[in-house]
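Here are my notes on the model, as numbered points. Please read them with the structure open.

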Amino acid sequence: MSYNHKKIESKWQKFWKQKKLFVTKDNVKEKKNYYHLVMFPYPSGNLHIGHWYNFIGADVHARFKRMKGYNVLSPFGFDAFGLPAENAAIEHGVHPKKWTMENIKTMSKQLEAMGNTYDWTRKITTCLPEYYKWTQWIFLQMFKKGLAYREKALANWCPKCKSVLANEQSEGGKCWRCGEEVEQKEVEQWLLKITDYADKLLEDLEDLDWPERTKTMQRNWIGKSNGAEIEFPIESSQLKIKIFTTRADTLPGVTYLVLAPEHPLIKTLDARIRNKNSVNDYFEKNKHKTELERITNVKEKTGVELQGIKAINPFTKKIIPVWVSDYVLGNYGTGAVMAVPAHDDRDFAFAKEFKLPVVQVVSEDGKTRELKEAYVGDGVMINSGDLDSIPNNIAKDRIIELISAQKKINYKFRDWLISRQRYWGTPIPIIYCKECGIIPVPEKDLPITLPKIKDYTPDDQGRSPLAKSEKFFKTKCPDCGSSAERETDTMDTFIDSSWYYLRYVDPKNKKVFADANKLNAWLPVKMYIGGPEHAVMHLLYARFFTKFLYNEGYLSFKEPFSSLRHQGMILGSDGQKMSKSKGNVVDPDELVEKFGADSVRVHLCFMAEYHQGGIWNSTSILGSYRFLNRIYNLFANFKVDKKNNPKNNLAKEQKRLARFTHKTMKKVSEDIYDFKFNTAISALMILLNEIEAKKHLINKNISENFVKLLVPFAPHLAEEIWQKFGNKKSIHLESWPEFNKRLVEDEETELVIQVNGKVRDKITIDVGISQLEAEDIAMDSEKIKKFIGSKKPKKFIFVQDKLINIVL
């Protein structure tokens with residue numbers, strides 16, 4: 001018999017809402033606060049099965065923590081500004097606000113259908129003025145401290161989205177959102193000085209309970225390097241070329257220098273360049289390459305020598321050529337590199353391409369040999385004068401000292417570009433006055449609201465649609481009162497999500513972004529759950545914002561998320577990433593209609609390891625559906641034996657079932673704690689098989705414990721059965737079933753019996769028997785008697801509860 005999932009799920013969702021079961025108080029007597037958060041979605045369309053996979057696993061863990069006695073805060077909201085929502089709105093010919101708010105309404109209904117434990121009274125929507133007022137306020141605090149600044153520079157430009165992108169949003173030379181090839185464009189832009197926090201962002205990673213791969217990705221993105229800044233004099237000039245290197249030990253092997261095309265010395269020394277036409281042709285040919293194309297296209301070696309310009313190696317005093325190549329970036333390091341072909345793969349390939357000299361100065365065994373590839377390992381110095389035979393790591397410091405170079409630390413990552421030439425975003429609270437310059441909007445005038453305009457499509461010239469609205473951008477200078485203009489760029493959507501976790505604790509506060517007492521009561525987030533694709537964007541930005549607000553005295557903690565877990569990805573049945581164009585998208589609404597939310601929840605938890613994800617199988621959900629039907633049919637009309645007094649001849653069997661149940665309780669508890677939901681479900685399935693086979697032994701403890709274990713996975717069905725047991729209080733207010741340590745210990749075990757080290761028999765024994773008892777059992781075995789015959793054992797080797805070896 002199939003249970004009526006529609007009726008049951010609708011009934012209990014209404015009940016939970018009426019009773020405000022999941023509305024969280026800031027403080028509950030005798031309960032520790034536990035802030036449990038899943039990354040909020042973009043409201044660019046309906047929820048897909050990937051959303052469900054993320055949110056259900058997170059909800060399972062949240063429910064588990066709540067039943068374990070914690071006061072759990074599990075809020076929800078929508079990352080409503082930005083390119084995802086705006087592009088979808090433009091595609092459908094609807095105003096971004098209307099599109100976004102309608103989607104939020106639809107997605108909220110879908111989320112409620114999941115049966116998740118969200119506290120909807122704390123819902124935040126980042127595109128509403130009551131939220132982005134505080135986004136603008138945080139920007140102003142950064143501006144006051146010199147962390148928000150404006151400059152004209154080359155930026156990554158997406159011609160389809162018609163907006164600039166941060167480096168993190170254009171990896172691989174493509175737009176993170178639409179996949180279009182990114183171009184380089186010089187624009188006025190606002191940046192945040194995240195680089196000022198580089199060391200703190202690195203140091204504080206160590207103590208975080210995060211996946212090591214994610215921490216490594218942040219370390220690599222920040223890219224801290226300890227090295228030295230070396231000056232190469234230009235021949236017949238007072239000018240010098242500065243180089244940053246981590247391998248000062250290889251300075252004796254530098255045979256040429258390479259400058260970035262943007263390096264200012266090229267213009268300064270223009271008159272000395274004899275091959276200007278070749279140099280200009282090179283610049284023209286490569287000027288459209290993006291920054292990422294330049295550093296990732298390592299197979300193609302391009303460059304041109306600056307004939308007429310030579311440099312002097314400060315260690316060897318030799319004259320070396322100076323080249324220009326686009327693999328060197330003008331805004332990274334000093335915009336110039338020293339080339340050591342013998343000890344750098346890229347330099348080796350470049351030298352071979354252009355027939356430049358290769359001089360080996362580090363050798364594993366102290367010998368010079370013809371190199372077929374660069375030697376990048378450690379060793380001893382060779383071809384280095386007085387430094388020969390010295391370990392290269394020691395020579396490094398000596399060379400720095402000999403040439404009077406300065407030790408220096410360099411970082412790979414750059415400041416965060418936050419300007420977007422789009423409409424649907426938080427307006428930047430800045431005013432431009434011809435008399436006063438760049439003026440921050442007074443805090444009393446916040447929020448600077450986003451006006452509703454008819455033409456919100458992006459401009460081909462790179463201007464924000466807000467520039468078309470005189471009513472918006474024409475204003476008065478707050479300092480001198482003269483005519484002025486507002487900034488028309490909007491902020492990157494990642495700004496909005498860099499602090500949203502703070503607002504959840506006090507979402508309706510009009511005086512501050514959040515009350516200090518409430519922040520201290522809940523933060524930092526104890527468990528944060530979301531995709532690994534945010535490792536060097538959202539997760540890094542949120543840490544930066546937290547550290548800034550901590551430094552300014554607004555927060556008492558340095559890190560936003562104490563623990564972090566990632567979910568995997570659900571692929572289509574064809575093994576490909578789901579997309580409408582491929583026709584492999586799974587609609588969860590259809591599954592809920594046919595099988596019920598609990599079946600979808602159980603299936604998503606059972607189908608794969610949570611952190612890995614897997615391939616969707618449209619038929620395998622039937623197994624989860626049948627599993628829940630079996631549970632309903634077994635327990636729905638079950639009369640609980642409250643006396644719990646079995647007859648003597650059944651006592652031993654019931655004790656064994658109780659042991660099995662308690663072992664399952666232990667297994668499920670440990671698995672949910674570790675986000676191993678698939679093996680937790682498996683354990684419940686095995687326990688159900690055992691209970692079904694021994695229905696006559698089911699008692700109150702066994703039945704109630706089983707249903708409690710079901711709660712995180714199938715909350716509606718668990719509530720229904722719990723009430724049928726005659727309980728009036730919601731099962732979601734019950735405690736998690738704690739296993740009895742004595743009952744999870746085995747009473748019996750298998751003893752391996754060996755004769756002269758070879759296994760000859762295996763016998764079931766009681767746990768804890770002595771060696772003498774084990775010897776008697778072994779000697780009484782008929783199989784063992786055949787191997788021993790009339791021989792007397794010389795000795796016995798005994799391993800408690802595992803093995804006994806008879807030595808003849």
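Is K355 buried or exposed? K355 is exposed, because its relative accessible area is 75%, where exposed means over 50%, buried under 20% and partly exposed in between (1.4 Å probe, protein chains only).

1. Basis. This is a predicted model, in which local features need pLDDT of at least 70 and side-chain atom pairs count only at pLDDT 80 or more, while totals for chains, interfaces and linings use all residues. Residues are numbered from 1 along each chain as its sequence is written, and side-chain values use heavy atoms, with hydrogens and water left out.

2. Positive phi. K355 has a phi of about 55°, a positive value, although it is not a glycine. K355 sits in the loop between helix 11 (345-354) and strand 14 (362-363); helices (H or I, at least four residues) and strands (E, at least two) are DSSP runs, numbered from the N terminus. S404, also not a glycine, has a positive phi near 60°. The loop that holds S404 runs between helix 12 (392-402) and strand 16 (406-410). S404 counts as exposed because its relative accessible area is 59%.

3. Four strands form an open sheet in the order 2-1-24-25, with parallel pairing; two strands pair if DSSP finds at least two bridges between them. Strand 2 (71-73) and strand 25 (564-566) are the edge strands, and each pairs on one side only. From one strand to the next the twist averages 20°, with axes taken as lines fitted to C-alpha atoms (for helices over the stretch in contact) and angles running from 0 to 180 degrees between N-to-C directions. Strand 1 (residues 33-38) and strand 24 (residues 527-530) pair in the parallel sense over 3 bridges. In this sheet, L37 stands opposite Y528 of strand 24.

4. A buried serine. S497 lies in the loop between helix 14 (493-496) and helix 15 (500-503). S497 counts as buried because its relative accessibility is 3%. Leaving aside residues up to four places away in sequence, S497 touches F40, D79 and H538; contact means heavy atoms within 4.5 Å.

5. Salt bridges. The whole structure contains 44 salt bridges, each defined as a side-chain nitrogen of Lys or Arg within 4 Å of a carboxyl oxygen of Asp or Glu. In the pair K224 and D199, the closest N and O atoms are 3.1 Å apart. K224 is in the loop between helix 7 (212-222) and strand 8 (225-233) and D199 is in helix 6 (residues 198-203), so this pair ties together parts that are 25 residues apart in sequence. K224 is partly exposed at 35% relative accessibility, and D199 is partly exposed at 29%.

6. A buried pair. K547 forms a salt bridge with E559, with the closest N and O atoms 2.8 Å apart. K547 belongs to helix 17 (residues 538-551) and E559 to the loop between helix 17 and strand 25, 12 residues apart. K547 is buried, with a relative accessible area of 3%, and E559 counts as buried at 10% relative accessibility. Elsewhere, salt bridges that share partners join D26, D119, R122, D506 and K518 into one network.

7. Cis peptides. The bond between L446 and P447 is cis, with omega about 5°; P447 is in the loop between strand 20 (437-440) and helix 13 (470-473). A cis peptide bond also joins L523 and P524, with omega about 0°. P524 is placed in the loop between helix 16 (516-522) and strand 24.
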